[in-house]
Amino acid sequence: MEPRSALLLLWLLSPLCCGSDSAPSSSRLVLEPYDFLFDSAVEAYDREDWLSVILNMEKALRNKAVVRAVKAECRLGCANHTAFGDLLSGLGVPIPGAGSVEDLGFFQRVLRRADCVKSCEVEKLGSPSLHRVSEEVELEFRKRSPYNYLQVAYFKINKLDKAVAAANTFFQANPDHVEMRQNLEYYKMMAGVKDEDFRDLEAEPHMANFLLGKSHYSDDSFSLAAEHLEVAVDEYFTADKECRALCEGAYNYDGYNYMDYSADLFQTMTDHYLQVLNCKQRCSVELASTAGKDKPFEDFLPSLFNYLQFSYYNSEKYEQAIECAKTYLLFHPGDEVMNQNLNYYSAVLGEEKAAAISARQVVKEYIQQSLLEKELLYFGYEAFGIAFVDPDSWTPEDVMPKKLREKQKADRETAARITEEIGNLMKEIETLVEEKKKDSSEMARMVAPQEGGGLLYDDITVTMTSTQLNGSGRVLLDGVISDNDCKQLHRLSNAAAQKGDGYRGKPSPHTPNETFQGVTVLKAVKLGQEGKVPLSSARLFFDLSEKVRKVLESYFHLDTPLYFSYSHLVCRSAIDEKQGDREDLSHPVHVDNCVLVSEANECIKEPPAYTHRDYSAILYLNHDFEGGEFIFTELDAKTVTAEVHPQCGRVVGFGAGKENPHGVRAVTKGQRCAVALWFTLDPAHQEKERIQAEDLLKMFSSPVDAEFIKNVATDPQPMPTEAPVQTEKEAADQQQGDEVTTEQKPSDPADKEAKTVSKGGAKAKVTAKAKNKAREQTKTKNADKVKVAIKKGGKQTVKTKPKEVKKDGKPAAKKTIKAAAAKDSTPEPQNGKDEL
């Protein structure tokens with residue numbers, strides 16, 4: 001058991017106090033305020049006292065958890081001990097006209113519960129004012145800022161497992177934090193760091209089990225799915241009780257000065273109680289939310305029973321399947337498909353046995369309580385104007401008063417009319433923008449990148465220009481490196497590359513029909529340092545990628561230098577038994593510095609795309625495989641404008657913008673290897689790993705350091721040369737991929753990758769195998785063998801298979817007995833990185 005959990009359990013095991021008597025203050029432990037501990041940790045961080053940072057910040061997290069747990073425990077315990085259903089002692093049966101006496105009985109219980117809660121909290125936490133914290137501190141904890149400090153402190157004292165866990169916990173709630181993303185990538189490359197170290201220390205038990213159960217569900221491991229989903233249901237109701245109890249706090253004056261608030265006894269009680277009920281209704285939203293996800297899971301609690309009914313069906317546990325189906329129908333009684341499922345289960349099990357099985361009692365009570373709360377809230381809305389927005393989609397329509405329903409209908413019609421007017425206005429604006437674009441087309445041509453500069457090396461020839469490749473900012477070069485260089489880099493890839501590199505170890509990140517492996521410059525140099533691969537091969541990787549950079553910089557007549565944004569030596573290998581009737585792509589069509597929306601023929605230059613990228617290049621190492629052609633397309637991701645066949649020493653270079661959508665056809669046999677390179681004109685985004693690799697190579701080239709190198713090579717855990725930082729400045733994304741690496745979350749089994757076939761028209765192909773010493777004659781020979789794609793008329797197309805249609809954001813399991821579960825309607829947060 002972790003220390004934080006142990007301390008929490010110790011406090012909760014202390015006896016619940018329900019009266020005003022309490023232990024003397026001298027014998028009671030005083031829980032230090034967590035805001036004081038947080039401030040102390042920040043001060044220690046400023047003076048680089050790492051042990052004090054850890055001590056105070058960990059204690060602050062523990063104490064905050066204790067305060068929350070104690071408040072919930074006291075309120076729940078006191079509610080059980082002072083239930084309002086008991087008769088007032090001495091009153092006996094109700095007496096006509098004794099309303100004031102009954103009021104006294106009600107307020108007696110209110111006072112007793114208040115006394116119980118106060119005494120309990122004082123006994124366990126000390127004075128109520130001790131743990132009141134400012135909004136600023138609360139915000140820091142909601143943002144998980146303590147873990148940002150902890151990851152640096154743990155790193156400084158070389159506790160890598162704890163540093164990684166803290167970093168990952170912070171990143172889950174802050175997925176757009178650039179530097180923490182870089183730190184996590186840095187940790188992945190460090191010796192001694194394990195996959196299990198990447199934990200979320202703040203994960204809610206019900207949500208963690210739900211996501212795990214859903215993962216098993218997608219893998220058709222239905223027994224494991226049901227096991228975790230059942231735990232998620234139990235934990236959900238535990239968390240719901242705690243959330244509701246914590247709503248019974250102080251009144252929130254909602255922006256206006258409490259000094260101006262003036263209300264009588266019953267109005268004050270009404271305002272506060274309706275605020276509490278509103279908070280309790282929002283618990284369903286809070287429990288359906290997870291860190292880093294913009295929106296909560298839709299219809300979360302009903303969906304748990306939807307997954308469960310289908311999991312039990314596939315495990316042939318029909319009693320449980322019927323129970324869960326009936327429970328789901330408590331929320332959506334008119335759901336046609338679930339009723340069909342229930343009829344099917346009942347027929348299999350037997351109608352009599354099925355009739356004896358009822359929905360879960362805990363859900364019946366939950367729905368009954370929630371509906372009563374909604375009725376009170378709608379009454380408050382109608383009578384006092386206190387707004388209430390129902391967070392649940394399953395609420396019956398008749399719960400809302402008729403007048404409110406009519407008002408909301410009118411509001412929706414007004415909103416629809418306004419939306420239509422705004423849409424018309426936007427169309428007018430778009431027309432004006434298009435006219436402006438036409439007026440500025442001449443200026444755009446003037447600032448277009450120039451081509452045809454010197455190649456710096458005599459052995460390199462230009463095989464195709466932008467015109468021949470049917471685009472702009474494109475070039476195809478041959479003879480960039482020799483056959484021996486290709487073989488050496490190919491061997492380096494097979495010796496040093498790791499499967500799923502850049503994809504958290506997923507061996508087939510783009511398509512299940514191929515495996516992917518890769519290695520970065522820094523990783524190759526470190527392996528050379530350790531003697532696991534030839535250091536000369538790692539140096540060759542570094543030098544040849546630098547050669548490509550210089551050639552592109554010269555060819556495109558760039559006035560400012562190109563900087564490396566990322567370098568990756570990668571191979572894609574066909575899985576022999578999975579090559580039948582393939583129509584997918586080895587790498588889907590994409591653009592390197594913007595998000596391609598092929599349906600709209602647009603590319604949006606904003607995150608999560610790596611907008612700092614300006615140029616890209618692929619250096620090919622071999623041709624002894626089938627498929628794997630590099631393709632350029634239009635923005636529709638279907639119309640192929642040019643196709644390049646890889647071969648040793650060939651480079652395709654191009655601008656990284658929307659003028660160059662590209663992808664890779666399926667590798668159907670053998671292994672395709674290449675060096676993928678991305679460049680930027682902004683030095684702020686240059687590749688940090690490459691700088692470290694260069695420093696290491698310089699050090700290795702010095703004879704004075706020979707003994708040092710020997711010693712370092714035997715060190716099983718070399719210390720990093722640069723530590724992760726916690727500052728907020730913009731830093732370069734150190735991302736990984738092949739041609740463009742895109743790490744995606746696990747997709748629904750029914751979802752398909754983009755498919756490609758060729759129809760009609762001629763293709764722009766490069767079939768000649770240019771020799772390393774080729775001159776102008778070779779260039780002419782290669783160009784003569786190029787078939788140019790005709791842009792008008794017979795176009796090549798890349799077909800895309802339609803995805804499984806998911807209705808209402810509900811798992812497909814509910815739609816048919818044997819269908820697979822669909823994803824939630826709200827996209828899940830992305831883990832790791834996406835290079836688009």
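Is Ser 370 buried or exposed, and at what relative accessibility? In this predicted model, Ser 370 has a relative accessibility of 1% and therefore counts as buried, the cut-off being under 20%. The residue belongs to helix α16, which spans residues 361–384. Once its neighbours within four places in sequence are set aside, Ser 370 is in contact with Gln 281, Asp 392 and Trp 394. With Gln 281 the side chain of Ser 370 forms a polar contact of 3.2 Å. Thr 395 lies 25 residues from Ser 370 in sequence, and the two C-alpha atoms are separated by 9.2 Å in space.

Two further residues can be described in the same terms. Asn 278 is part of helix α11, residues 265–287, whereas His 332 is placed in the loop between α13 (318–331) and α14 (336–349). Apart from neighbours within four places in sequence, Asn 278 is in contact with Leu 377, Ala 387 and Phe 388. Under the same exclusion, His 332 touches Asp 299, Pro 302, Ser 393 and Trp 394; Trp 394 is also listed among the contacts of Ser 370. The table gathers the accessibility values.

| Residue | Relative accessibility | Class |
|---|---|---|
| Ser 370 | 1% | buried |
| His 332 | 14% | buried |
| Asn 278 | 19% | buried |

Turning to helix packing, the axes of helix α3 (residues 50–81) and helix α10 (residues 222–246) come within 9 Å and cross at roughly 85°. Because angles of 65 to 115 degrees count as roughly perpendicular, α3 is roughly perpendicular to α10. On the α3 side the contact is made by Arg 68, Lys 71, Ala 72, Arg 75 and Leu 76, and on the α10 side by Lys 241, Glu 242, Ala 245 and Leu 246. Sorted by class, this contact between α3 and α10 comprises 4 nonpolar and 5 charged residues, with no polar ones.

Strands of a sheet pair through backbone hydrogen bonds, in either a parallel or an antiparallel sense. Strand β3 (residues 498–499) pairs with β4 in the antiparallel sense over 2 bridges, and Gln 498 has Gly 518 as its bridge partner in β4. Strand β5 (residues 563–574) is joined to β4 by 7 bridges, again with an antiparallel run, and here Thr 515 stands opposite Ser 573 of β5.

A separate description applies to the open sheet formed by 4 strands in the order β6-β14-β11-β12, where the pairing is antiparallel. Its edge strands are β6 (585–590) and β12 (640–644), each of which pairs on one side only. On average, and with direction ignored, neighbouring strands of this sheet are turned by 25° against each other. Within the sheet, β6 pairs with strand β14 (residues 662–665) in the antiparallel sense over 3 bridges, and His 590 stands opposite His 662 of β14.

Methods. Residues numbered from 1 in each chain as written. Predicted model: local features only at pLDDT ≥ 70, side-chain atom pairs only at ≥ 80, totals over all residues. Heavy atoms only, no water. Buried < 20%, exposed > 50% of the residue type's maximum accessible area, 1.4 Å probe, protein only. Contact = heavy atoms within 4.5 Å. Polar contact = N/O pair within 3.5 Å; in protein donor to acceptor, adjacent residues only side chain to side chain. Axes fitted to C-alpha atoms, helices over the stretch in contact; angles between N-to-C directions. Parallel < 35°, antiparallel > 145°, perpendicular 65-115°, else oblique. Nonpolar A, V, L, I, M, F, W, Y, C, P; charged D, E, K, R; others polar. Pairing = 2+ DSSP bridges.
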